[in-house]
Amino acid sequence: MKTYTVHQDYFASENSIIDIINFSNFSDFKNLRIDNACINPGGWQSWNPCTEIFPGKKQPSLTCHGIKQWNSYLVFPQSKYKPSSNIVLGQFISYLRWDNFYLVFASVGNINGNLPPVQFIFDRKENTISIEICDKGNSWKTGDITARIEIFTANSFFECRDRLLSIFGNQHFKSVSFLGNNPAGWESWYNHYSNINQSLINEDLKSLCETQNLITDGNFSSRIFQIDDGWEKALGDWQIREDRFPDGFKEITSKIEEKNFIPGLWLAPFIIDSRSETAKLHPDWLLRDKNGKLVPAGYNPLWGKNGTFYCLDLSLDEVISHLDNLMNTIINNWGFRYIKLDFLYAGMLYGDYAQKTASYKIYSRAIKILTSRTQTTSGRPVAYLGCGAPFELSFSNLPLSRIGCDTFEKWTNPLLRLLNWNGRNEAYLNVKDTLGHAMWNRIVFMCDPDVVFIRTQNCTLNENQKYLIAGINTLFGCQLMYSDDPGNEGPAEKKITKQILNFIEKYKDEEFGITQFSEDYYEIYSKSGKYKGNIYLGKKSAISIEEV
């Protein structure tokens, strides 16, 4: 294992290519070529596409045809580089694979420090790897350390995991240890989406506790009940909608606790609708560019004027204080102990900050403060789930994280495929992201792969696809969530529920590795050597495992 420490030898005000690794200069690598390697890009944030890119294949586009506001989601901040036939872009932890031989590049500057996040630019033609840092707005002195990169080789998937464990350790998981090794739960989003209210939530909780279902029938270490988007007055106005929840949240969270569930709540603290009351009262809180224009953070037809929403200027102390007070209210007044923080990439969007510095410093300060409450004032533990989160800057404070795009009650999403949007919500793309991050699970993050589906109503996934999604989530994820109506399960739902629970029980003590052989075909194998199998994501999607 080599520690590659990069020093700054000039002043920088833009994203910097701070060093280039040429394989011919490294005796260990000189006979290797990038153009015949499978490349795993790792990814910038939760929704970046992560699957091995095979020789001769182009990396999926990180931009969208037609909706430019979505481009800020997946593109490494302030970078001008784009994937091409020669260029593959990776971030945080990326590897090259030749058969069973791995060459891994891991940016480790945020394990015990706060350095800029790193992008690896793999040039197949030149056989080089350039190191780009997201440092715009920072000031450097000659000799400053700007990046630390661990470079190592391994001869198997499991050897890679062992090396990563030796680098990252497991101390960052202490804050979520109370959840146990296999938490599970229910969330409102994929059944109701944003159309929730007090009556619906109470009925779902009642049904979940009084019927046989995936969560109550399973042997899980902890159980979560999460209220998702739709409870707030507006994006940025994180007050309870009285027309939907007239009794507030205290009574609901008390009921959730009484039923032995951990109360969970969704919010997106860094983004804001310009029409919200918060934006009207504090227009200076919204981040602007050097020309005074609001910095767009994304597009959602349900949010923002003309679908565009914006981000807060996190350099402002009063903004951080506002968000800190909000977290105190959510945890200590309303009673939530599992907080999903979404759309966090917006905290890395660059603008004309009130306090002049780099976005990575601003983000790191904000996320550290927002996740500082690990207990309620009464001493009960609190967990945070990151989503849309910049991986490298988040793992220390958000060890439980989504590691893929949103799933969907359909296998594909034809409309967003037409737009070539590779951060789209889609079951197929979601499981590919989960498989692409399998090496990270329980080492870098407790990986949250999103929900499984049981229902037959309002769902076009077939039985094989449902079983496949659940199997992948079980083997390569850390928590099992679902979102269906637990009181509306008929014979078909009960059948797939039993199959999934049997799968979980059978392989609960096994650690599985994975090797990708084509775009849709993977081989899987247990570390114990007891099991082997395969995963196929084509038209006849399936997972199969047999005893060796």
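**Labels and the values behind them**

Q: Which residues of H2 are buried?
A: The buried residues of H2 are Phe157, Phe158, Cys160, Arg161, Leu164, Ile167 and Phe168. Buried means under 20% relative accessible area, with exposed over 50% and partly exposed in between (1.4 Å probe, protein chains only). The model is predicted, so local features need pLDDT of at least 70 and side-chain atom pairs count only at pLDDT 80 or more, while totals for chains, interfaces and linings use all residues. Residues are numbered from 1 along each chain as its sequence is written, and side-chain values use heavy atoms, leaving out hydrogens and water.

Q: What covers the buried residues of H2?
A: The cover, judged by contact (heavy atoms within 4.5 Å), includes strands S5 (93–98), S6 (101–107), S9 (145–154), S24 (512–516) and S25 (521–526).

Q: Why is Phe158 called buried?
A: Phe158 is found in helix H2, and its relative accessibility is 11%, so Phe158 counts as buried. Leaving aside neighbours within four places in sequence, Phe158 is in contact with Glu511, Phe512, Gly513, Tyr525, Ser526 and Lys527.

Q: Why does Ser526 count as buried?
A: Ser526 is found in strand S25, and its relative accessibility of 5% makes it count as buried. Beyond its neighbours within four places in sequence, the contacts of Ser526 are Phe158, Glu510, Glu511, Phe512 and Tyr531.

Q: Why is H4 called roughly parallel to H5?
A: Two packed helices are described by the angle between their axes and the distance between the axes. Axes are lines fitted to C-alpha atoms, for helices over the stretch in contact, and angles run from 0 to 180 degrees between N-to-C directions. The axes of H4 (residues 198–210) and H5 (residues 250–258) come within 11 Å and cross at roughly 5°. Angles under 35 degrees count as roughly parallel, over 145 as roughly antiparallel, 65 to 115 as roughly perpendicular and the rest as oblique. That is why H4 is roughly parallel to H5.

Q: Which residues of H4 meet H5?
A: Gln198, Ile201, Asn202 and Leu205 in H4 meet Ile252, Lys255 and Ile256 in H5.

Q: How do you know that S11 and S14 pair?
A: Two strands pair if DSSP finds at least two bridges between them. Strand S11 (residues 223–227) and strand S14 (residues 262–267) have four bridges, in the parallel sense. Ile224 stands opposite Ile262 in S14.

Q: What makes S21 and S22 edge strands?
A: Nine strands form an open sheet in the order S21-S20-S19-S18-S14-S11-S10-S23-S22, with parallel pairing. S21 (446–448) and S22 (451–452) each have a single partner strand, so one side of each is left without a neighbour in the sheet.

Definitions and conventions
Helices (H or I, at least four residues) and strands (E, at least two) are DSSP runs, numbered from the N terminus.
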